[in-house]
Amino acid sequence: MKRNASPKNIVFGEGVLYIDEKPIGLTRDGAKFTVENTYRAIEADGDRAKVKGRIRKDGAVPKIETNHLELLTKITDIHPGLKVDTTTKEGYTIVRGTGKIDDEKDYHKVEFKGETKDGRECTVGIEKAINLENIEWEFKDKNEVIDKVTFEGVEEEEQESLDEGWYFEYKTGAE
């Protein structure tokens, strides 16, 4: 059976997650990219199903999820509203909540960079994203603490374009 396949176009699930073009560090169970689209059907009396031409796309929220394993690495880049204090207690780093989101510091470019089967670069990214997951760490015997992270794309207040703020790019090659 001819399937018109091109195995070179397989995208591997292995790669590195970057925040503002710097590796996030060790993760567990990889990462997950999702675009949550919101659609609205314009309904009229007598419709038995959704009608072609009367479906509207109302929104799209791109997300990249991962489980961060290196808890002490990039914690203030990952969770908004945190500050680091290295002066109060000599020899210690103290992380505290600030009670507010910093519009300059707490939004990031987030990318997952991997490759195809034939070695071509492949990147999925969100231009401007924030992690709104709660800090929730489980301390279990014979297990490491995992910091669940979900970066969600945001738009600017006065954004006029319909750009959803996410992208998928790969080096062109195989057909």
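Guide: A salt bridge here is a side-chain nitrogen of Lys or Arg within 4 Å of a carboxyl oxygen of Asp or Glu. This is a predicted model, in which local features need pLDDT of at least 70 and side-chain atom pairs count only at pLDDT 80 or more, while totals for chains, interfaces and linings use all residues. Residues are numbered from 1 along each chain as its sequence is written, and side-chain values use heavy atoms, with hydrogens and water left out.

Visitor: How many residues apart are Lys 63 and Glu 36?

Guide: Their side chains meet in a salt bridge, 3.1 Å from N to O. Strands are DSSP runs of E, at least two residues, numbered from the N terminus. This pair links distant parts of the chain, Lys 63 in strand β4 (residues 55-68) and Glu 36 in strand β3, and they are separated by 27 residues.

Visitor: Lys 63, then: buried or exposed?

Guide: Buried means under 20% relative accessible area, exposed over 50%, and partly exposed in between (1.4 Å probe, protein chains only). Glu 36 sits at 40%, so it is partly exposed. Lys 63 comes in at 13%, so that one counts as buried.

Visitor: Arg 28 and Glu 144 tie parts together; how many residues apart in sequence are those parts?

Guide: The two form a salt bridge with their closest N and O atoms 2.6 Å apart. Arg 28 belongs to strand β3, whereas Glu 144 is in the loop between β8 and β9 (147-153), so the parts tied together are 116 residues apart in sequence.

Visitor: Which residues do salt bridges that share partners join into one network?

Guide: The salt bridge count comes to 13. Shared partners join some of them up, and the network's members are Glu 21, Lys 109, Glu 111 and Lys 113.

Visitor: What phi does Glu 21 have?

Guide: Glu 21 is in the loop between β1 and β2 (22-23), and at 55% relative accessibility it counts as exposed. Although not a glycine, Glu 21 has a positive phi of about 70 degrees.

Visitor: Lys 113 lies over the face of which residue?

Guide: A charge sits over a ring if NZ of Lys or CZ of Arg is within 6 Å of the ring centre and within 35 degrees of the ring normal. Lys 89 lies over Tyr 92, 4.4 Å from the ring centre. For Lys 113 the distance to the ring centre is 4.7 Å, and the ring belongs to Tyr 18.

Visitor: Let's do aromatics. What is the angle between the planes of Phe 33 and Trp 166?

Guide: Rings of Phe, Tyr and Trp (its six-membered ring) pair if their centres lie within 6.5 Å; planes under 30 degrees apart are stacked, over 60 edge-to-face, and the rest tilted. The structure holds two such pairs. Phe 33 and Trp 166 make a tilted one, 5.7 Å centre to centre, with the planes at 55 degrees.

Visitor: And how are the rings of Phe 168 and Tyr 170 arranged?

Guide: Phe 33 in strand β3 (residues 27-41) and Trp 166 in strand β10 are 133 residues apart. For Phe 168 and Tyr 170, the ring centres are 5.6 Å apart and the planes are at 40 degrees, so the pair is tilted.

Visitor: Which strand gives the most to the nonpolar patch?

Guide: Patches take residues with over 30% relative accessible area and no salt bridge, joining like charges within 9 Å and nonpolar side chains (Val, Leu, Ile, Met, Phe, Trp, Tyr) within 5 Å. This one holds Val 11, Phe 33, Trp 166, Phe 168 and Tyr 170, together about 470 Å² of accessible area (Shrake-Rupley, 1.4 Å probe, only the protein chains shown counting as cover). The top contributor, with three residues, is strand β10.

Visitor: Last one: how far is the side chain of Arg 120 from the backbone oxygen of Lys 171?

Guide: Arg 120 lies in the loop between β7 (108-116) and β8 (121-131), and at 8% relative accessibility it is buried. Its side chain reaches the backbone oxygen of Lys 8 at 3.1 Å. From a polar atom of the Arg 120 side chain to the backbone oxygen of Lys 171, the distance is 2.9 Å.

Technical notes: Helix = DSSP H or I, 4+ residues; strand = E, 2+ residues; numbered from the N terminus. Polar contact = N/O pair within 3.5 Å; in protein donor to acceptor, adjacent residues only side chain to side chain.
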